[in-house]
Amino acid sequence: MRTYRVISEGVPETTMIAFGGQLPEGDDDIWRLVAYIRSAGAENC
Ligand code: HEM
């Protein structure tokens, strides 16, 4: 869930911009990125 929020809202005052509303398939694309990051081994996200 944290990863979803970071991708969607970004991290203020860093170069990590908000991707919410920027991706072709919106929310679905953010969840796909979360799934990919989890599949790559990240835990608790
Ligand atoms: C679709 C593309 C991207 C995705 C999915 C993504 C995803 C993420 C995620 C999940 C984190 C949090 C990592 C963690 O602390 O667990 C993060 C942090 C960060 N990202 Fe991205 N990111 C993307 C593109 C970018 C780009 C293009 C930049 C800069 C050129 C960037 C810069 C950063 C930085 C600096 C942080 C650390 C922020 C901090 O200090 O907490 N990201 N990103």
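Visitor: Where do I start? Which secondary structure does the chain have?

Guide: Start with the elements. The chain has 2 helices and 0 strands. Helix α1 covers residues 2-9, and helix α2 covers 27-39. Keep in mind that the model is predicted.

Visitor: What does the C-alpha trace span along its principal axes?

Guide: The spans are about 25 × 25 × 15 Å.

Visitor: How do I describe two packed helices?

Guide: Two packed helices are described by the angle between their axes and the distance between the axes. Now take the case here. The axes of α1 and α2 come within 9 Å. They cross at roughly 130°.

Visitor: Why are α1 and α2 called oblique to each other?

Guide: Look at the angle again. Roughly parallel means under 35 degrees, roughly antiparallel means over 145, and roughly perpendicular means 65 to 115. The crossing of α1 and α2, at roughly 130°, is therefore oblique.

Visitor: Is the crossing left-handed or right-handed?

Guide: The crossing of α1 and α2 is right-handed.

Visitor: Which residues make the contact?

Guide: From α1 come Thr-3, Tyr-4, Ile-7 and Ser-8. From α2 come Ile-30, Trp-31, Leu-33, Val-34 and Ile-37. By class, this contact of α1 with α2 has 7 nonpolar residues, 2 polar and no charged.

Visitor: Now the ligand. Which residues are around the ligand?

Guide: Read the list along the chain. The residues are Thr-3, Val-6, Ile-7, Val-11, Thr-14, Thr-15, Met-16, Phe-19, Leu-33 and Ile-37.

Visitor: How many residues of the shell are nonpolar, polar or charged?

Guide: The shell around the ligand has 7 nonpolar and 3 polar residues. No charged residue is part of the shell.

Visitor: Where does Glu-13 lie?

Guide: Find the loop between α1 and α2; Glu-13 lies there.

Visitor: Is Glu-13 buried or exposed?

Guide: Count the C-beta neighbours inside 10 Å. A residue with 12 or fewer is exposed, and one with 20 or more is buried. Glu-13 has 6, so Glu-13 counts as exposed.

Visitor: What share of the chain counts as buried?

Guide: Of the 45 residues, 7% count as buried.

Visitor: And the segment before α1? Which residue is found there?

Guide: Met-1 is found there. Met-1 counts as exposed, because it has 8 C-beta neighbours inside 10 Å.

Visitor: How many residues apart are Met-1 and Met-16 in sequence?

Guide: They are 15 residues apart in sequence. In space they are 17 Å apart, C-alpha to C-alpha.

Visitor: Now the segment after α2. Which residue lies there?

Guide: Glu-43 is one of its residues. With 5 other C-beta atoms within 10 Å, Glu-43 is exposed. Glu-43 and Arg-5 are 38 residues apart in sequence, and their C-alpha atoms are 15 Å apart.

Visitor: One last residue. Where is Ser-39?

Guide: Ser-39 is in helix α2. It has 8 C-beta neighbours inside 10 Å and so counts as exposed. Ser-39 and Val-6 are 33 residues apart in sequence and 17 Å apart in space, C-alpha to C-alpha.

Notes: Residues numbered from 1 in each chain as written. Predicted model: local features only at pLDDT ≥ 70, side-chain atom pairs only at ≥ 80, totals over all residues. Near = placed C-beta within 6 Å. Helix = DSSP H or I, 4+ residues; strand = E, 2+ residues; numbered from the N terminus. Nonpolar A, V, L, I, M, F, W, Y, C, P; charged D, E, K, R; others polar. Axes fitted to C-alpha atoms, helices over the stretch in contact; angles between N-to-C directions. Left-handed = near helix turned anticlockwise from the far one by under 90°. Contact = placed C-beta atoms within 7 Å.
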